[in-house]
Amino acid sequence: MTITDESQDVTVMSRPALQTSAWSEGDPVGRRLFVDVGEVRLERGGRLPDVRVAYETWGRLNDARDNAVLVEHALTGDSHVVGPVGPGHASPGWWDGMVGPGKPLDTNRWFVVAGNVLGGCQGTTGPSSRARDGRPWGSRFPFVTVRDQVEVEACLGDHLGIDTWAAAIGGSMGGMRVLEWAVSHPDRVRRAVVLASTAAATADQIAWAQPQLLAIRSDAQFHAGDYYGRGAGPEQGMGIARRIAHVTYRSGSDLDQRFGRDAQEHEQPLGSGGRYAVESYLDHHAAKLSRRFDANSYLVLTEAMSSHDVGRGRGGVAAALATVSAQTSVVAVDSDRLYPIRLSREIADAAPRATLHTIASRNGHDGFLIEVDQVGVIVRDALG
C-alpha cells in the first residue's frame, strides 16, 4: 500500500474554535484540525516551505490560557491519542484511558493538545506531502531533527494562543521532544513528564535503528524514496523494520511467557515452512503498520531519533539539562531493554527539579503505553 498525506484537500483552520473539543467521550469519531505555519528553518540549514500541522484537541482552553497540556506521540503514533477509528483515522487512539473527563488528563480541567510530528504521514508535512511542484516530496524531503520538530510544535502553540504549556507529556520519541521543549523553551513549559526516553540517543539505540533503515532502503520497491504513484511501496522492507523494532519494544520474558516455543495454530515450524507463534505475532504487527504508515516517514523519524541529543551545541547533556526550569517527572519501565532505567536516572540526576519514577511491567518499553493505571497515577501527581 502506498500512503499519501491526508492533509491535502482539506479545510485548514485559520483560527480554531478553542472552546470546542475535537473529540470527547460520546462523540462518534475524532477529527483532525490543520494549520499552515509557513516556512520553517531547519537546524542543519535550509528551509522547509509551506509546513502544515495536523492536530487534535480535547477539553477547553480557559480564559487565562494556562491550562493547556501538550501530549507528544512516539515513532508510529500520531495526533489521535484517544478515540475510535473513523474518518481520517486508520486505528483507534494509542493511549486509551489517559484523556477524558475524570481521566489522568482530565478534560474537565485541562485543554489537551496533540499534534502529528514534522516528517510524519498523518496530516503534518512529511515525505508523502506534496511540494510546491505538486509532486510528493519523496527523496527530496530534508533531514529533520527533534529540535526542528519542536520548533514546528512551538508554531502550533503560537497559533492556538498558548504562550506556556501547563505540561508537556510524552514517551519514547515523544519524551525526546518533551526534553527538547524543556531545554529550548524553558519559559514555555511549567511541567515535563518524560516516559521511557533518553536525553541523547545511545549507540545501542542507533545500532538497532540501522538494520531497520537498511531493510526499507534495500527493498526493490523503494525506488530511492520516490515510490509514490507506482502502485506499490517498500512494504516488505517496512515489515522487516517493524519486526526488528517490535522485538526491542517488548521484554524477552514477556515474549517467553506469552508464546514460549509454541507453534502457530494449524502450522508446523519443524522443517515444513510453518511458523512459531511468536513469528506469527511479529508478522501481524509488520502487516498492520505497513497498511497505515509511510516508509519514508519511518526513515525520517527514525533518523531524527538517532540524531537526538539535547546537549548538542550546549556544552553536553548535563549542562543542557541543568537549564531546565520545569518541574520534571522522569518515568522508567523496569523491563525496558531499549531505554533502560539508567537513562532515565541520568535525566533525573541532571535536571534541577526532577523526580524519578519506575513502572513495574513485564511488557518492556511498551509498558509506558500499556500500564495506564501506573502511568495515570504519576501524571495526576505531576499535574496536581
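Tutor: This is a predicted model. In helix H7, eleven of the 13 residues are buried, so H7 is largely enclosed by the rest of the structure.

Student: Which residues of H7 are buried?
Tutor: They are Ala295, Asn296, Ser297, Tyr298, Leu299, Val300, Leu301, Thr302, Ala304, Met305 and Ser307.

Student: And what covers the buried residues of H7?
Tutor: The cover includes five helices: H1 (146-160), H2 (173-184), H3 (203-217), H4 (235-249) and H6 (277-292).

Student: How far apart are the end C-alpha atoms of H7?
Tutor: They are 19 Å apart. At 1.5 Å a residue, the 13 residues of H7, 295-307, should span 18 Å, and the two values agree.

Student: Let us turn to the nonpolar core. How many residues has the largest one?
Tutor: The largest nonpolar core has 70 residues. Val51, Ile162, Ile216, Tyr298 and Leu321 have the most contacts inside that core. Helix H2 supplies the largest share of this core, with seven residues.

Student: What is leucine 321 in contact with?
Tutor: Setting aside neighbours within four places in sequence, leucine 321 is in contact with Leu179, Val183, Ala199, Val310, Glu346, Ile347, Ala350, Ala351 and Pro352.

Student: New topic: where is glutamine 205 found?
Tutor: Glutamine 205 belongs to helix H3.

Student: Why does glutamine 205 count as buried?
Tutor: Its relative accessibility is 8%, and glutamine 205 counts as buried because that value is under the 20% cut-off. A polar atom of the glutamine 205 side chain lies 2.9 Å from the backbone oxygen of leucine 338. Beyond its neighbours within four places in sequence, glutamine 205 is in contact with Thr198, Ala200, Leu338, Tyr339 and Leu343.

Student: Is serine 91 buried or exposed?
Tutor: Serine 91 is buried, with a relative accessible area of 19%. This serine lies in the loop between strand S3 (68-72) and strand S4 (99-100). Not counting residues up to four places away in sequence, serine 91 touches His80, Val85 and Arg292.

Student: Last one: how many disulfides are there?
Tutor: The count comes to zero disulfides, taking a disulfide as a pair of cysteine sulfur atoms within 2.5 Å.

Student: And cysteine 121, buried or exposed?
Tutor: Cysteine 121 is buried, at 2% relative accessible area, while cysteine 155 is partly exposed, at 28%.

Key
Residues numbered from 1 in each chain as written. Predicted model: local features only at pLDDT ≥ 70, side-chain atom pairs only at ≥ 80, totals over all residues. Heavy atoms only, no water. Helix = DSSP H or I, 4+ residues; strand = E, 2+ residues; numbered from the N terminus. Buried < 20%, exposed > 50% of the residue type's maximum accessible area, 1.4 Å probe, protein only. Contact = heavy atoms within 4.5 Å. Expected span 1.5 Å × (residues − 1). Core = buried A, V, L, I, M, F, W, Y, C linked by side-chain atoms within 4.5 Å. Polar contact = N/O pair within 3.5 Å; in protein donor to acceptor, adjacent residues only side chain to side chain.
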